[in-house]
Amino acid sequence: MMRNKFQVFFLFLLACGVSGTAQDRVLPKYKPGTPFTTLFDSTHVVVEESGLSHVTNHRRILLLTNAGCKMNRTVKMDYDPLSAYVEIRQVVVYRHGTSRADTIVSAGKQSKVLDYVAPARLIYWGASQKMVQVGRLDVFDEVEIWTYRKGFTYALLGGDDDKYIPPMRGHYYDIVPFWSEQPIDEKVYMLDIPNSKSLQYEMYNGEVEHTQLSLKENSTRHVFQKKDIFPMYDAEPRMVAKNDVCCKLLLSTSPDWQAKSRWFYGVNEDYGSFKSTPEVAEKVAELLAPAKTEQDSISILTHWVADEIRYAGISMGPGEGYTLHNAEMNFTDRCGVCKDKAGMLVTMLRAAGFKAYAAMTMAGERIERIPADQFNHSVCVVRRRNGNYELLDPTWVPNVRELWSSAEQQQGYLMGLPEGADLMYTPLSPAENHYIKLKGKSKILVNGTLVGEFTITAEGQSDQAVRQLVFGGRMSEWQGNLERELTKIDPRAEIVNVKYTDPDAYLMQPVSITYKYKIPGYATVDGDALVFTPLLARLPYAGAMSHLGFNTDVQSRKYPFADRCSRLIEVSEEIALPDNYKRLAFTGEVRGVVHAAANFGCQYNLTEGGKTLFFGENAMLNKRIYLPEDWPAFRAVVQNQKTLQSTPVVLTK
């Protein structure tokens, strides 16, 4: 009990602003150039029976550089007026080297608190920002801020009296990062919650001191505290989200994921999110007239929603967040965000006789087992005749041959089913489903000119990546894009002819582009030696191979890392030589790779007569999210491909 009293006393000191002066700080503990540090960050949450939370925050910031002063000239709070209420209650600046304290905002001095519409792009839901212009700050000044918030992040259905209650009424959840982009000397999160609620909580990727005591109001206080929180100085390029590897606290009163699943199903069924209309039914019948199989029908409807419902979220009043807008609105407006596209697809599938439901997922981060609302994206699931569920994502597959984007593999999701569902994870998509194949024939003339033809074909996410490079802009730009992909290899390249599949008929067949080309002076023909790099070894359309962008200078990695998608690359080229060459004198040093995460192999074969050289290369990347122990194999594949891109072969007579 003495420990608990000390904890409460500590929080009292924080509230009083007892923190010493800048001269008392042990500044060497901060990395040189650190713009500012938070001396303390204290959050107190009081939860009502309804789930409504009152959140007060008190923090004090010490400015360490001019850049830090600029970064803290404005105090800002983002919120959605439909679901949250916020206040900037007090802002005080303590001037370094003086006893002066300037009160910028207080209870009787609120004129500097401004409320503006928040900047927005693609999603216009009426979000706002309250902000205060602090004014000039100098190094070693300190800024102390008190704020208050009640409500929830997302707007949901409800009247004026309960619009601040969270979506799953009666329940509370929070995700508390105990990590920061700037140092924090001490962070405290204090939660007062009624004893009638069963609280689950768990720390991930670190430890936090936890104390607990009973309050007189039939509630319990949980205090979570951590000192000396420093930024991730060892962050690695293209690692997974920092929230997946840094210290965080998850809390939830929801009993399990099944309860969350049933709630998500019920709230949308009760609202009528998937109620069809005669116009929707007529469009479904029209679209499915040519369908011959169950898969045909699912594919036609998924791609219609993907391509015909524009991604643009406009404020539609009550009904944002976890409640999906109804089909009549979506079909009429032909626009919406992920949940609107998912809801439209559910409606159309049901109109076609399928059992379909909305689902939630988290793009870009891992979902943990504690049933907190770790979601930022909505998708669709359809139950096939064999009883299996198939994931569909009309948001991520416009002009993509897939129905579910494999850029979302190894990702958590929760289906909204009447019987409830557990949290699940999308499986790995085989690399063969996302191939890039380069196949060509070429000839080196006596003067070193290279003439030839090659074809690139691609499937799955690689198909989308290749299409985006060429056909992602205006039609008037296509020819220039096609030429650019070859002149990146050699600026002297001349396109004799180029043919490609119809970009608009992407569902009919994978993308295929065939070049006929001529490159003067490509090879060096010098007496008994011939020096050149096979054109396809230089990997045309390397921009569609995101793994080549990894920095392979580091020999090991500490954290998991992510690529765009699993991927297979197959290269083969037959090169006619200008004379008989008996010996393949040099090809560069590459080594085969055999690993569960990545594989690589290549070969050069010189025909017995010395008139033809055959080159082949095969690279297979088997995951989207890799573990640190996968890095040596992944790195070796990238290094091998880059070596082949830049290393000439030498043939002699």
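The model is a predicted one, where local features need pLDDT of at least 70, side-chain atom pairs count only at pLDDT 80 or more, and totals for chains, interfaces and linings use all residues. Residues are numbered from 1 along each chain as its sequence is written, and side-chain values use heavy atoms, with hydrogens and water left out.

The sheet is open and has 3 strands in the order β10-β15-β12, paired antiparallel. Strands here are DSSP runs of E with at least two residues, helices are runs of H or I with at least four, and both are numbered from the N terminus. Two strands pair if DSSP finds at least two bridges between them. At the edges lie β10 (173–177) and β12 (200–204), each with pairing on one side only. From one strand to the next, the twist averages 10 degrees.

Now for the pairings themselves. Strand β15 (residues 248–252) runs antiparallel to β10 over 5 bridges, and Val176 stands opposite Leu249 of β15. With β12, too, β15 pairs in the antiparallel sense over 5 bridges; there, Tyr201 faces Leu251 of β15.

Elsewhere, the second largest pocket has a volume of about 410 Å³. A pocket is an open set of points on a 1 Å grid over the protein atoms alone, where a 1.4 Å probe fits, with protein on both sides within 12 Å along at least five of seven lines; lining residues have an atom within 4 Å of a point. Its lining counts 18 residues, with Pro398, Asn399, Gln464, Gln468 and Phe471 nearest the centre. By type, the lining splits into 7 nonpolar, 8 polar and 3 charged residues. Helix α9 (residues 460–471) supplies the largest share, 5 residues.

Helix α9 also packs against helix α10 (residues 478–487), at an angle of about 115 degrees and with the axes 7 Å apart. Axes are lines fitted to C-alpha atoms over the stretch in contact, and angles run from 0 to 180 degrees between N-to-C directions. Leu469, Val470 and Phe471 of α9 meet Trp478, Asn481, Leu482 and Glu485 of α10, contact meaning heavy atoms within 4.5 Å.

Note on methods
Grid points are joined across faces, edges and corners, and a volume is the space filled by probe spheres set on the points. Ala, Val, Leu, Ile, Met, Phe, Trp, Tyr, Cys and Pro count as nonpolar, Asp, Glu, Lys and Arg as charged, and the others, Gly among them, as polar.
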